[in-house]
Amino acid sequence: MRPTLRSRFLTGCLVLGLAAALVPAADAQKRGGTLTIVRPTDPVSLDPNLETTAPGAWVYFNMLEGLLTLDEKMQVKPALATSYEVMSPTKVRFKLRPGVKFHDGTPFNAVAVKFTFDRALRGTPPARWASLAGSLDGAEVVDDLTVDVVTKEPYGPILRTLAMYCMGMVSPTAVQKMGSDFSRAPVGTGPFKFVEWKTNTHVIIERNPDYWGDKALVDRVVFKVVPEEGARMIALQTGDADMVLFPSPAQLPALRRDSKFTVHETTGIRVVFAGLHAGMPPLDDVRVRQALLHAVDRKAILDNIMEGSAGPALGVLAPGVFGFKDMQLDRLYPFDRAKAKALLTQAGWTPGPDGIMVKGGQRLSLSWLAARGRYPKDGEITEAIQAMFKEVGVEAKVQILEWAAVFQQVRAATLNHHMFTLGWVTSNADADYSLYALFHSKQVPPVGWNTSRYANARVDTLVEQARRSLNQTEREKLYGEVQDILAKEMVWIPVYTTKEIIVSRAGVKGFHIHPVEYNLTLSKSWIDK
Amino acid sequence: MTAWMRFYRNRLAVLGLALILVLALSAALAPWLAPYDPARQSLVEKRSKPGAKYWLGADEFGRDILSRVIYGSRVALLVGVLSVLIAVAGGLVLGTISGFAGGWVDAVMMRGIEILLAFPYLLLALAIVAAMGTGALNTTIAVGVWGIPTVTRMVRGAVLALRETEYVGAARALGAATPALLRRHILPNIVPGLVVYATLFMANAILLEAALSFLGLGVQPPTASWGLMVSTGRDVLLVAPHVATVPGVAIMIAVLAFNLVGDGLRDALDPRLRGSA
Amino acid sequence: MLTFIVRRLLLAVPVLLGVVFVVMLTVDLLPGDAVTLMLGEHATKDAVARLRDHLGLDKPFLVRYLEYVGRVARGDLGRSIQQNRPVAAELADAWPATLQLTVAALVLAAVTGIVAGVASAVWPNSLFDALARLGSLFGLSMPIFWTGLVLIVVFSLWLNWLPVGGAGSLTHLVLPAVTLALPSIAMIARMTRAAVLDVLYQDYVRTARAKGVGEFLVLGRHALRNAFIPILTLLGLQSGQLMGGAVLTETVFAWPGLGRLMVKAIFARDYILLQGAVLVFALVFVVINLLVDLSYGLLDPRIGRQ
């Protein structure tokens, strides 16, 4: 068994080279200074066990490192591990980087890896990222610098899972000594270490002088909380902040032209969509669903509502995700009101007295659940599509509720709405994570997140097969077929793919934005006044 | 001179009344007055500056702001008037009972009121709307309930103070029944205060509706609400100030109108001010 | 007097118990659940069940209520569901900021409001009266988040005099305190004007005037003293509203206070944190009420006898 696996998946042992510092020497890097970042919310916690959302991740990603990491091109790269070897379908062996110490002086080794995974997966309650980690079951110590990562069943996405932002290693001694205080002052191996967290005011981290790799260039980073979008932008203009996370889309065109600022942007990995309940009449008719796609002018939404702050949705996955295939939406479902009406007519709908389509005395009226502010411009795109639907004789009864209420209803076993505005981020950047949880017929909430209540036996087989396979080429092909099927059946109206956008003063150099919103790397940034 | 005559002699109050009439007319005649369908979108014309086509400009969906302001007067009037009625009616009943009954009834009721007052109103509004569903009417109820404790305490305070005055004491001694006392002596004395409060509350009602609409607990799209218009327009305050300013001014004018009328009514109704204005 | 205070404080206990009960019931009735919200879209069914069990959320409502009350009686406010941090620590972080902002706004509102109101009443229908009334109308009519943003644009962006937001120095306090105080100034000024005018037309004031008592004394000894009762009632109510109503101001100015903490807790359905925050809020409110009632007695002996 083992040799076959080796020959199939590994041409020998794949050694991952050290990521050398490849920054071109165009500017002379300067050390020192404080980088002040404003963002809308305070972290829940700084411990990945309790916090998987961005406000915490932005901070702890700079203090805690995992075995692997994803670079800006979405390739898996070494971090605390230097090489790996697949031992069996459920076991991967990692060689660990020697001579690494946690911020508190504790040596980093196989025991620390096992400790981190045990704490997260066997703890009561388990870590919040446990749900993101699929079949990951823990780690076994082989020797001081060798560790086996074990999964419960063959799990294709294992490497990308270990490269997730929340898989940072924690210092066993610090956790034992600090108890629950650890979550407010984490101890890792990263280029920055924790200084202070004043709730709802700021979090401060500073350079780790003993870092194993390239040391951070700035002395300190201050993360400030400024909830109001307008106020954040003003803080940047007055110089109170060096960098703004979640800048105001409406101001981006002006900022792009302004030489005092730099707009950093890249395509993200979240797709925001208007979901369709495929099990609920009249949306159980694929022609009605397709008609709705033709009725939506996605380009107008991108240009006028997103205003360049998002990219087109190319399918149910974002382009950076492993297994992504372009679903050719613009070719298959161009904005065409005549086509939309024709499809509705085919499905037996005729215009009623008030312009809304009718069939058998029933109006084509769809109830639609959305929140405002959960995903960028979610309320606005819902309102825009509502108006577009009206043009083809479809009435949308929109209910904009607080996120908690929307979430409760969408996550319930039965959903009593035709449509819902949601977003989905492929956290581990592997198609399994989305295609399995979102479209497998057994993943209807509350088990998974098949909010469309979509059921297709072929899709079920394909995503199961791809999940168990460790052959990445084969997996890519299987996921391609899934996306081809979905492109015909359309249980979503994909609206946009997020863009990660950060605006900084022009004096902030060396910063590279990452497609995954959580992966905010600050150690290479420096301040040139 | 009658109260109405005195009211009509107050020019500011008449101006306020005229503004309220305009408001009421625009609410009643909205479909004929509005140049466009308030829900009609034209995304490419988003945030158009005020001009020949859109007199007050267009919002972030390219909807005509003037038409939305006109239709928004319906929501403002509905929420403002109804919520005040709820607050005043509730407060009047509870406050009189509490003030008159005294003793343990009063103590229990006051503790209940304190619970309500000690409760962050946002949570209360959330609870009411969450329990009953979203929409303009439920928002109104949530806003109205918020005013009940304050009115109750005002009324109770007035009743307590008046109970001790000579004329109520005398009326009591003469064997007047409580309802008669209430109608003849207490009510006329608290009406001016209530009118002042009701007009002030009207302002707050409209502003609270803005906050609730913003939280997604107000009217549902595509219905136009001034509060929602200001709330969503504030994101573009720096690039397109008119989107938030116009409905903000509409709120201000509506509130101003109610205040002017309230003040005028107060001066006109308060017998002690007779002839002084 | 002392027995009165003790009795009132004892009476506050059922109020606080009632507040906790109402908060807990409300959160229970609201759609949405702390654990599923916290774990998000990605959570497995099993993860949700295990965390709910760990937090004891599946116990019956009354059991949870009694457990909570029992813990609070022993001085333990519990740990926030979302952050797993002692609620007392969360409150200790937020409370000073709220107190600072509320007191600043209240003092500003009371001083400005009463002075303007009295002046308006003494010279009714004068130019000052007209300006003050017009000013209060504006103060009352502007949505608070809009006022706040306009102030930021003017004083931070254009003039660059004051910081945009956050807490720290006294300069940080200016804009939020003014924004928060504006509606209250207007409210207090109007109420003061109405109350003082009211008293000025009472018979005993006329009598005092007729007896030749100086206008200043009339105002100080008779008018203000009696007018203070409604004004105090309003101040008591305003202090509560300022504290609770600071939410929007705190959001606009990134002020790290109790208001934002509560909204966050409501949206996260973190009822343990919410209860702790509301308890503090309610306790302060009870004390303010007590102070207001005590001062009634001092100002008007007729009520004091009650």
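Two strands pair if DSSP finds at least two bridges between them, and strands here are DSSP runs of E with at least two residues, while helices are H or I runs of at least four, numbered from the N terminus. The model is predicted, so local features need pLDDT of at least 70, side-chain atom pairs count only at pLDDT 80 or more, and totals for chains, interfaces and linings use all residues. Residues are numbered from 1 along each chain as its sequence is written, with chains lettered from A and ligands numbered from 1 in the order in which they are written.

**Exercise 1.** Work out how β7(A) and β8(A) pair.

*Solution.* Start with the ranges: β7(A) covers residues 136–143 and β8(A) covers 146–151. Next, the sense: they run antiparallel, over six bridges. For one facing couple, look at A:Leu136, which sits opposite A:Thr151 in β8(A).

**Exercise 2.** Describe how α5(C) packs on α11(C).

*Solution.* Find α5(C) at residues 87–122 and α11(C) at 258–268. Their axes (lines fitted to C-alpha atoms over the stretch in contact) are 8 Å apart, at an angle of about 135°. Angles run from 0 to 180 degrees between N-to-C directions. Under 35 degrees counts as roughly parallel, over 145 as roughly antiparallel, 65 to 115 as roughly perpendicular and the rest as oblique, so α5(C) is oblique to α11(C). Now pick out the contact (C-beta atoms, placed from the backbone, within 7 Å): α5(C) brings C:Glu90, C:Ala94, C:Trp95 and C:Thr98, and α11(C) brings C:Leu258, C:Gly259 and C:Leu261.

Conventions:
Contact = placed C-beta atoms within 7 Å.
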